[in-house]
Structure formats: C-alpha cells, structure tokens
Amino acid sequence: MKHASFFWFVLPSSLMMLLFIAFSIVSVVTQSLYQAHDQVIIEVENCGPFGCTTDTSVDAQATAALREAEPLGKWAGLSIYTDRNHLAFTEVGEAWVSSVSMRDFAGSLMNLPFYDAMAFTLTYTAVVTPLTIILGFFIAIGVNAVARAMRGPTIFLSLLPMIVTPIVGALVLFWMVDARGILGAALQWIADDPNFSVKASTPSMWVVLMVYGIWSSAPFAFIVYYAGLQTVNKDTLEAAMIDGATRAQRIRYVVVPHLVPLTTFIALIQLMDNFRVFEPIVSFSAQAHARSLSYAIYTDLGGETRLLSSAAATSVLTIIGVAILLSPVLVRTWRDFGSPR
Amino acid sequence: MKILKNAMLGTAVAALAATGAVACEADGRVSIIGNEFPAIQSVAAAAGECAGIDFSSNLTADHQSLNLPGMTGNPAEYTTAIVANSSIVALMNEDVIRPLDDLIATYGQDIPQRQLITIDGKVMAVAFMANAQHLLYREDVLEQVGADVPTSYEEMLEIAEQIRSEGIMEYPLGGPYAAGWNLAQEFTNMYIGTGGEFFVPGTAEVSINNPQGVEALEMMKALTEYMNPDYLTHDSNGTSAEWEAGNMAMMHMWGSRTGVLMDAEGSEPQVYENTKVSGPLTVGDSGIPATTLWWDGWTVAKNISDEDAAATFIAMAHGSSPAILNDETMSQAVWLIDGFDPAPVNEGVLASVAAGSKPYPMRPFQGLLHTALGDNIADFLQGNESAEQTLADVEAAYTAAAAEKGFLQ
C-alpha cells in the first residue's frame, strides 16, 4: 500500500483513538496529580425533624473563592500515588523496619488496600490466563473431531459462556454455589459438612471467582484456536499418519507448533482482560474476600463523596500494571513480526 | 426512559386526582432527580400535577451518581434533588443547592417547622418522610422458647442461644451485613449505640479506635456467630429473602422494608402472620439506641433562574403537602406530613424516634468514613485481625481519603 493511501486509510481510526483513548488517558493522568482544595470547615447548628445538633459543615463561599482561582484543584504531585490507599511508601517502609520475619512483612503488606488488591489481581491473572488457554485448546481439538453434522450445535454450546452477559453468567454460578444451591449442596455432601459455605471462606471464594473467569473466557480461546485448526496443513497431518504417528503425537508435533502464534495473541488479550477483573466480584458480592484494582476504582467513585483523584491514580497504576504484564508478549510479537525473517 | 417514567407518574396522578387533590399552579421548569421507591414516586407524581409547569422527573436507584453532575452546570439540568441526610452533604459540599428561607417566606408558610432541615440557620431542604432500623421478630419462635421481646443486643444474643440450643433454628439472627455500605451502616448504628463519637469535635479528625469502637465490633462479631455463614453477602434484599423464607427469628432491619415482610406476598402465613416490629435495640449501658434516624426530603438547585426555583418550590411543596395522603399512600412511609396516620408496619420507626435515637450525622466527611468502614470491617468479622487493627486500618484509610478531599490539611 502506498504511504498516502495508508495514511488516509488509518486516519479515521487514529483520530478516534486519539479522541477516545489518548485524551482520556491524559485527562486521567492530570486528574491524578491534583487533589481537592483545602476545605474551610466551620461549626454549625443543624436542625431537622429529629431535633438540633451542633456539627461541622463546609464554608461554601470561602471554598468557592479557592476553586475560582484554581479550577483543577490543588497541585498534589505524586502524593496521591504514595498515600496509604495506593502505593503506601511510608507504611511499607515502616512495615519493613518493624517486621520480624518475611511472613510478618507480607501480612502487613496484605493489610494495605493496594497490595491486597494487587495480590488477588495477579493471582487471578496468573491462574486464569493459562487455564483458559489450555481449556480453550482442548475444546477446540474436541469440537474439531466431532462429526461435521454435529459441529454447528456443539460450537454454539461451547460459545454460550461468552454469549451470556458476564454479570448474568456470574449470578447464575453465584446462586448455584449458594449453600442451598445445587453445587453448594453437592459440595456440602462431598465435604460431609452441613455448614460448609463457599461464600463464607476466602480461599473457596477465590476458587469460585477463578472458575468463573476460566468458564467465561474459555470460548474466546476456543474460537481462535478452532479457526487456527482449519488452516493446519492436511498434507503434513496425513504424512504423520502414514509415518505411524498417534493422535497425541500428531497434536504434539504438527498442530501445536502451528497454533503457537495464536497463543501469543490469546495471551495478550486475556492478560489485559484478567488484570482488569471486576464483574465477578460484584456479581458474587465477594468484596469481603477479594478486591481487585478495578474494584478499588469502583468503590472510590461509588461512595457518597467521590474520590476522583484516588480513582484516577488507581487507573494510572492499572495501566502501568497492564503495560508491565504485556511487555514480554509485546517484545515477542515485535521480534516475530518486526524483524525480517 | 423519561416516557416510561411519565407514564408511571400518569397512573399515580390519576389515582391522586380521584381523591380530589388541592389545586396547584406555578410557571417554570420543574425537573426532579431522586431515588425510586413508592413514597418518592407519590411525591413526584403529586408535584407533576401542578398546572403551568414544564415537568420532568428521573427517579432511579442511581440518583446519587446523577444528581451532583446534573446540578453543577448552569442552568442546572435538575431543579430539585430528593435526598437523605447522608446524601445532602455531597450537594452542600459542592454548593449546588440554594437556601430556601425566601421561598418559604413567600410560598411555604404552611410547611410545619419540624419538616425544615436547617444548616447554620438556613433552610436547605424540606423533609417529608422518616426511616430507621429497628427490631423485627417472629412472635411464634419467641413464644416457643418463652422469651420476651428483646430490648438490647445482649438479650437478643441470649434468646438466639436458646433458639439454637432447642434446635429450632441453627442461624436465628440476621441483618444487612453485606460488606460495603451495609456493613458500614451496621457499625455506625452499633457505635452510636455505645455512645461513641466519630470525630474529634469541630474537626475532620477521626477517632474511632477507642473502647467503644472495640465494643461495637465485638458485639457485631458475637451476632454474626448466630447468622447464616454467608452474611457478608446479604444486603437488605438478601436478608429480606432469608426472612421471608422463614430462616430467621430476629433481625435489625429498615423500617421502609417492613411493609414487604409483613404482607402476604413472598412468604408462608406462618412467617408473615408472626412477623412483628419493635423499637431499636441498645448495646451496653449508654442508653442510646443502636440505630440512626434518616429523613428523605427535597432541595432546590442553586444554578437555576429564580422563576424556575419558585416553580420548583411550589410544585414540591404541593408534592409533599397533606393533600397527597390517601388510602394508597398512607402506608408507603412514615410521613412527616400533617395528617399522617401510622399503620402497624410504621411502629418500629416511630418507636426509634420516640426512644431518642440520633440522626445519621450530616457531616461533610462522614461519607468518606462510611466507605472506609465498609472496606475494612469484614477483615475483623472473618477473624483475620484484631478489633484494634481493624479500627486503625479504618482510621488510616479515612485519613488518606480526607487529605485528598482537602478536609485534613
């Protein structure tokens, strides 16, 4: 393609990306560097249907003047990033000094909201991403072996978890693992403990969240692999059969090497998605057991007093986290496609 | 969505018109943002029947995320927001609602003093209904173990133990203990009940890491021993469902939900016929009920013309006037309006008011503390850390947030 036509071809999408992605990120980064003005607090008497109380209030006039002068807020630099609700440099430093063992230090670290959220987010990403890829691969192999007439319905069934809205899919599983649900009751019977409840213990809640994550994104890996399977070289497969290769050997030495580039692509998308895990925590009401970075942003914005700068700082940290996580895959892609082979 | 809302209002208006409501006339734009439950729908419907106004309303559970952005512009999209004592502070902090004193002098002489919410001597809202959490109990179960209706959490624990040991119910207690807003609200109730103060008076400095804070947390934990192990996932809806399923004998619950629990829908006669309400419970010996009083009321936006403000005031005053009370609306809430005739479902809230309960604090930074509580208390209830550690975590989380919002310098 000529340079000029290429330019005009990508111009609309570049503009859209600039408008909806780049500008938003600039705005979020800016927001995270500012905090609210110092509020002028006064003592007032509040009266209502239940009598009068002396309480505090914000002096609106005094605060309005401050706002007029600096509409963006007060320059905070990186102080939001380093405060206790984010990277917590001071608290981490103190914990390092006062801890008697690594275990003690890890405990103090997990008590800080950012590191607690990070622990779950990373565990979730590390467990769900590979298992999604493996499960998707086996579904694809399985469906590919099904008789041609049955393939349509099988593909449809395999795609169902992805078709169902995440929040609904998660709710269905949530009710099934309830102590009175079919899975919950089955687990009680297996564990031989009538009081066993998945929702009451942190480890079992983590397992359920991860099972849900694998269940809901396996179809994505499946459909990509299935598409890849259609392009496997038939001649090579037949040659392998003539040479006496078993089905397992054919998969190991012919199919898998063919699908490796696709794995990079699936891993890229899945790492990004899993690092932003959010819906299952809401649907499973799991915030007592598991908090992710996205969930922290949600609570910052969902309270009666919204913490815009705090939410912005967590968003920027999430973007940085995704970038770090993706860097090995991106470097690999760059090497595969960027250099002449 | 607006069309749907207007259609719903239409039916309510028709219901009201049939009872012969007082005429109302104004000239200007009236646009309501508020929560969605029957009492508020009745108020909005009555406001919308005023002649000569350009009326619209957006009643939704997401009102809190819409009211502030919708009132910040000039002119404001919404001319009035229906708020509660916790949510008015977000509007006050951003200075988007106007004092109503002038409008009351001109158009609102007949609004009783008790409905006026004054802050620093200026009327900022007009309340029309009250709400509070109080005890609900199963009369049949209490009779079975021969217990009186409890008045304190200590008695509640004793009765719960009796019910369990007699094998009637494994988990006789319940409550909206879902991690997040609900759990923070339960702590707020309990902490007020121990006589604790949330802040150093006159400042935004939090002070809950004290013996009262520990007492409140330990009572909550003692109660959870008698709750379904999934209690951290049970919000008001989940708890109500458990109650209707007949799985609980006692709980502290919102007055606004008792109507649903005592009607014939959703549960067996044995459950709903034996569901009774009582006043709020106490904890320890402070004598202050472990509950908070709430009001719902309307405000008028600041960034609108004086004509629109007057029209909004007239319409909303009409919407919360004695004229809206009829057979259908009477039991929808504990109305603060003249002419309210309480039904048995309302007795709990009235008992809470009579017992001298404290209102939920109308404080600019209380919401930040509420969020910090909701994020941290579950750690203690699950046995992951000590009460002191949890309270220290709450204080630290609040302090960082309050510094960011400029409350702590």
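The pLDDT is the predictor's confidence in each residue, on a scale from 0 to 100. The structure is a predicted model, in which local features need pLDDT of at least 70 and side-chain atom pairs count only at pLDDT 80 or more, while totals for chains, interfaces and linings use all residues. Residues are numbered from 1 along each chain as its sequence is written, and chains are lettered from A and ligands numbered from 1 in the order in which they are written.

For chain A the mean pLDDT is 89, with 99% of the residues at 70 or more. Helices (H or I, at least four residues) and strands (E, at least two) are DSSP runs, numbered from the N terminus. The domain assignment, which is automatic or taken from a database, divides chain A into domain 1 (77-111) and domain 2 (116-338). The centres of domain 1 and domain 2 of chain A, taken over C-alpha atoms, are separated by 31 Å.

Chain B contains 16 helices and 11 strands. The radius of gyration of chain B, 22 Å, is close to the 22 Å that the globule rule gives for 409 residues, so chain B is as compact as a globular protein of that length. This radius is taken over C-alpha atoms, and the rule is 2.2 Å times the number of residues to the power 0.38. The C-alpha trace of chain B spans about 65 × 55 × 35 Å along its principal axes. Of the 409 residues of chain B, 57% are buried; a residue is buried if 20 or more other C-beta atoms lie within 10 Å of its own, exposed if 12 or fewer, and partly exposed in between, with C-beta atoms placed from the backbone.

Strand β5(B), residues 122-138, is mostly covered, with 16 of its 17 residues buried. Two strands pair if DSSP finds at least two bridges between them. β5(B) pairs in the antiparallel sense with β9(B), residues 292-298, over six bridges, and Ala127(B) has Gly297(B) as its bridge partner in β9(B). Five bridges link β5(B) to β7(B), residues 250-254, again in the antiparallel sense, with Gln133(B) opposite Trp254(B). The antiparallel pairing of β5(B) with β8(B), residues 275-277, has three bridges, and that with β10(B), residues 334-335, has two.

β4(B) and β5(B) pair in the antiparallel sense over four bridges, and Leu116(B) has Val126(B) as its bridge partner in β5(B). These two strands, β4(B) and β5(B), form a hairpin with two residues between them, and Asp120(B) in the turn has a positive phi of about 55 degrees.

β4(B), residues 116-119, is also joined to β2(A) by two bridges, and these strands run antiparallel. Asn46(A) stands opposite Ile119(B) in β4(B). The contact between the chains takes 42 residues from chain A and 50 residues from chain B, where two residues are in contact if their C-beta atoms, placed from the backbone, lie within 7 Å. On the side of chain A that touches chain B, the largest share, seven residues, comes from β2(A).

Glu304(A) lies in the loop between α14(A) (293-302) and α15(A). Glu304(A) is partly exposed, with 19 other C-beta atoms within 10 Å. Leaving aside neighbours within four places in sequence, the contacts of Glu304(A) include Gln64(B), Ser86(B) and His370(B).
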